[in-house]
Amino acid sequence: MEQIKLYVNQHKDRFIHELIDLLKIPSISADSAYKQDVLNTAEAFKQSLLKAGCDHVEICETPGYPIVYGEKIINPDLPTVLVYGHYDVQPADPIELWESGPFEPVIKNTKIHPDGAIFARGACDDKGQVYMHVKALEYMTQNNALPCNIKFMIEGEEEVGSKSLGWFVERNQEKLANDVILISDTGMISREQPSITTGLRGLSYVEVEVTGPNRDLHSGLYGGAVANPINVLAKMIASLHDENNHITIPGFYDKVEEMSAVDRAEMAKAPFSLDAYKEALDLNDIYGEKGYVTNERTSIRPTLDVNGIWGGYTGEGAKTVIASKAYAKISMRLVPNQDWQEITALFKTHFESIAPSGVKVLVKPHHGGQGYVTPTTSIGYQAAKLALKDTFGIDPIPVRSGGSIPIVALFEKELKSKSILIGFGLNSDAIHSPNEHFGVFNFLKGIETIPLFFKYFVELNKK
Ligand code: BES
Ligand code: MN
Ligand code: MN
């Protein structure tokens with residue numbers, strides 16, 4: 001315990017600077033203009049794994065971006081921990097809202113991070129969190145403290161749906177065989193209150209297109225006499241929620257697992273301040289599904305949100321026009337037992353059925369994935385709990401997160417192992433937003449905690 005603290009203290013400046021170098025590469029998987037940068041990032045992670053002590057590292061080709069695979073097998077009879085993460089990042093836009101360049105990392109102090117935070121796209125999601133594992137391996141190999149086998153699988157398409165990883169996992173079951181999967185790609189409650197993520201929501205992501213007249217029209221000559229696809233789309237979208245903010249798609253809630261009053265009471269014990277929540281977002285009130293509190297709305301309840309909407313004239317000044325087409329991108333966050341393909345089909349049928357005559361509607365499914373829940377009774381969970389208790393001084397709280405990592409459900413299906421989600425980010429770290437950052441304290445705490453997970457996982461497996 002003390003040894004790892006000393007090691008981290010002695011090497012922390014180097015750790016931070018190595019991470020900063022990785023953050024300088026714009027590995028945006030969604031935009032093909034950054035293809036070479038994504039590939040360079042894979043190579044950089046490969047080199048970091050070799051330096052940290054992996055015996056074997058390879059860049060595994062896939063139909064899409066490659067997967068960085070690394071391993072250090074010390075004894076086939078010992079357990080194997082598979083570490084998963086992603087080296088790709090979200091696009092940086094809107095770029096003008098960044099206070100410093102998204103790929104020019106800087107360290108700044110904030111109210112929540114008085115010891116500094118590294119500002120850059122990917123700092124928290126997920127390069128910084130993956131790098132904690134790389135540095136934890138360095139510590140364990142340098143100090144003869146690796147108690148079992150370790151494998152790494154770092155992908156480059158998480159932010160665009162992990163298609164190639166699904167392909168890779170199905171074809172490499174033996175190579176990826178493990179006793180537990182360890183993932184840091186989520187968050188924790190606060191610096192003072194550690195937590196372990198016990199659930200992720202599923203996702204169905206669709207794009208809709210509404211077509212009215214065959215060309216853009218003068219809004220004076222034709223307005224009022226033809227369906228305006230933007231007006232119609234707005235109305236259709238508005239009808240997807242009722243006055244209680246329930247989703248109106250028939251069958252949408254059929255498979256939703258209702259949480260028991262006991263479990264909801266347990267959830268309510270997690271510290272939460274509504275005032276602080278509103279203040280942080282500069283909101284005068286919250287909003288959401290009737291009958292549920294904020295923590296429930298963002299974890300155990302499914303949601304539907306428009307992520308983008310466009311059409312018509314959005315340039316400077318005014319142009320009087322009725323557009324031919326209107327578009328929206330819509331995501332539905334799902335909870336366990338809801339099947340994402342089934343929900344996508346329900347959405348499509350319903351959305352087509354509510355279109356008024358006078359327009360044509362097209363629903364294009366993008367990607368999706370199943371939700372996930374993991375028990376708190378597993379050896380992996382218990383090991384994570386002991387490790388976090390050692391480094392933070394108090395017991396972590398189990399939390400179901402609102403985010404999605406669709407590949408986790410596939411891991412369980414294909415590799416038959418549980419994933420343990422110990423994230424060190426905070427909700428306020430602005431992942432996917434301008435000014436994403438990762439606390440230096442959180443980064444270093446992660447490096448300190450991970451070797452303890454390995455230690456406890458091996459000890460508990462012996463019992
Ligand atoms: N790391 C996030 C997911 C996350 C963040 C889960 C915080 C829990 C807490 C991941 O990189 C992500 O952004 N996932 C996407 C889904 C994916 C299919 C694009 C998401 O949740 O929107
Ligand atoms: Mn992520
Ligand atoms: Mn992400």
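**Cavities and cores: worked exercises**

The largest cavity holds about 50 Å³ of space. A cavity is a set of points on a 1 Å grid over the protein atoms alone where a 1.4 Å probe fits but cannot get out; its volume is the space filled by probe spheres set on the points. This is a predicted model, in which local features need pLDDT of at least 70 and side-chain atom pairs count only at pLDDT 80 or more. Residues are numbered from 1 along each chain as its sequence is written.

**Exercise 1.** Find which residues line the largest cavity, then sort them by type.

*Solution.* Start with the lining, meaning residues with an atom within 4 Å of a point. Gly251, Phe252, Asp254, Lys255, Gln338, Asp339, Glu342, Ile343 and Leu346 line this cavity. Next, sort them: three are nonpolar, two polar and four charged. Gly counts as polar here.

**Exercise 2.** Do likewise for the second largest cavity, of about 30 Å³.

*Solution.* Its lining consists of Glu257, Glu258, Met259, Arg264, Tyr292, Ile300 and Arg301. Sorting gives three nonpolar, no polar and four charged residues.

**Exercise 3.** Describe the largest nonpolar core and name the element that gives the most to it.

*Solution.* A nonpolar core joins buried (under 20% relative accessible area, 1.4 Å probe, protein chains only) Ala, Val, Leu, Ile, Met, Phe, Trp, Tyr and Cys residues through side-chain atoms within 4.5 Å. The largest has 65 residues, and Val81, Phe152, Phe443, Phe453 and Phe454 have the most contacts inside it. Now look at the elements: H12 gives the most, with twelve residues. Another core, of 24 residues, lies apart and includes Ala328 and Val363.

Notes: Chains lettered and ligands numbered in written order. Heavy atoms only, no water. 1 Å grid on protein atoms, 1.4 Å probe; cavity = no way out; pocket = protein on both sides within 12 Å on 5 of 7 lines; lining within 4 Å. Buried < 20%, exposed > 50% of the residue type's maximum accessible area, 1.4 Å probe, protein only. Helix = DSSP H or I, 4+ residues; strand = E, 2+ residues; numbered from the N terminus.
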